[in-house]
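The questions below go through this model part by part. Please look at the sequence and the structure before reading on.

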Amino acid sequence: MSQHRPHRLSDFVADLSHLLDQTSDEAVILREGGVLLAELVTNDDWLPEAQSQPDPIRYQQYLLHRDPAGRFSVVSFVWGPGQSTPVHDHTVWGLVGVLRGAELSQAYERRGETLAAVGVAHRLEPGQIEAVSPTVGDIHRVTNAFDDRTSISIHVYGADIGTVKRSTYDAEGKAKTFISGYADVPPPLLFDRASALAYGAAE
Ligand code: FE
């Protein structure tokens, strides 16, 4: 990473806010928000070191931005070698874009009392985007595709996701309520224009 360019995240947040000012149509948000997220993860020169750190025990979720109106949140997911989520849902729309490494996503669907895998796990490479929501498919399990290095993906959700009451599922498909929280919450104005200018990055 040569130069730190935090303005990319500021620009993404501004563009997504503008999109959400225009529409609440989920299909439009997933499509156009996906284009914005793809642009954000095309460049790997803006995520601060503090929000790039894996943990030896479990994957980390660092809050990068929380919309003041609560309409969305942006989170960096940092996967240590071989780490994975439990099978889980989101209950709101979400977009996932891989920044570094790669991840494997296995979708599930409800079949009566149990859950069934949908197809096989697919691999998301840097720059690729995946959408989740109760409408397009909300249950999955995500794994770092590498067992010898860190992978990082940037997630955007249609809520302050760390506070959302949702579910993980055991092997029998039994739901258990969980609220993910965040590994870290940044100080205000960490990603403002002034810091971009200070780094000489906002030409
Ligand atoms: Fe997920």
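Q: Between which two strands is the loop where D160 has its place?
A: This is a predicted model, in which local features need pLDDT of at least 70 and side-chain atom pairs count only at pLDDT 80 or more, while totals for chains, interfaces and linings use all residues. Residues are numbered from 1 along each chain as its sequence is written, and side-chain values use heavy atoms, with hydrogens and water left out. Strands (E, at least two residues) and helices (H or I, at least four) are DSSP runs, numbered from the N terminus. The loop that holds D160 lies between β9 and β10 (166-169).

Q: Is D160 buried or exposed?
A: Buried means under 20% relative accessible area, exposed over 50%, and partly exposed in between, with a 1.4 Å probe and protein chains only. D160 has a relative accessibility of 14%, so it counts as buried.

Q: Which residues is D160 in contact with, leaving aside its neighbours within four places in sequence?
A: A contact is a pair with heavy atoms within 4.5 Å. With sequence neighbours within four places left aside, D160 is in contact with R66, G70, S73 and Y182.

Q: What is the order of the strands in the open sheet of five?
A: Strands count as paired if DSSP finds at least two bridges between them. Pairing in a sheet goes through backbone hydrogen bonds and is either parallel or antiparallel. In this open sheet the pairing is antiparallel, and the order is β1-β2-β9-β4-β7.

Q: Which strands stand at the edges of this sheet?
A: An edge strand here has a single partner strand, so one side of it is left without a neighbour in the sheet. Neighbouring strands are turned by 25° against each other on average, direction ignored. The two at the edges are β1 (60-66) and β7 (129-132).

Q: Which residue is the bridge partner of H65 in β2?
A: Strand β2 covers residues 73-79 and pairs with β1 in the antiparallel sense over six bridges. Within β2, H65 has as its bridge partner V74.

Q: What angle does the direction of helix α2 make with that of β4?
A: Helix α2 (residues 26-42) packs on the sheet and touches β4 (94-100), β7 and β9 (151-157). Axes are lines fitted to C-alpha atoms, for helices over the stretch in contact, and angles run from 0 to 180 degrees between N-to-C directions. On that basis the angle between α2 and β4 is about 15°.

Q: How many of the seven residues of β4 are buried?
A: β4 pairs antiparallel with β7 over four bridges, and six bridges join β4 to β9, also antiparallel. L95 stands opposite A131 in β7, while V96 has H155 as its bridge partner in β9. β4 is largely enclosed by the rest of the structure, because the number of buried residues is six.

Q: What is the relative accessible area of Y157?
A: Y157 is found in strand β9. Leaving aside neighbours within four places in sequence, Y157 is in contact with several residues, including F72, F77, H90 and W93. Y157 is buried, and its relative accessible area is 4%.

Q: What is the volume of the largest cavity?
A: A cavity is a set of points on a 1 Å grid over the protein atoms alone where a 1.4 Å probe fits but cannot get out, and lining residues have an atom within 4 Å of a point. Grid points are joined across faces, edges and corners, and the volume is the space filled by probe spheres set on the points. One cavity of 30 Å³ or more is counted. The largest has a volume of about 50 Å³.

Notes:
On a 1 Å grid over the protein atoms alone, a cavity is a set of points where a 1.4 Å probe fits but cannot get out, and a pocket is an open set with protein on both sides within 12 Å along at least five of seven lines; lining residues have an atom within 4 Å of a point.
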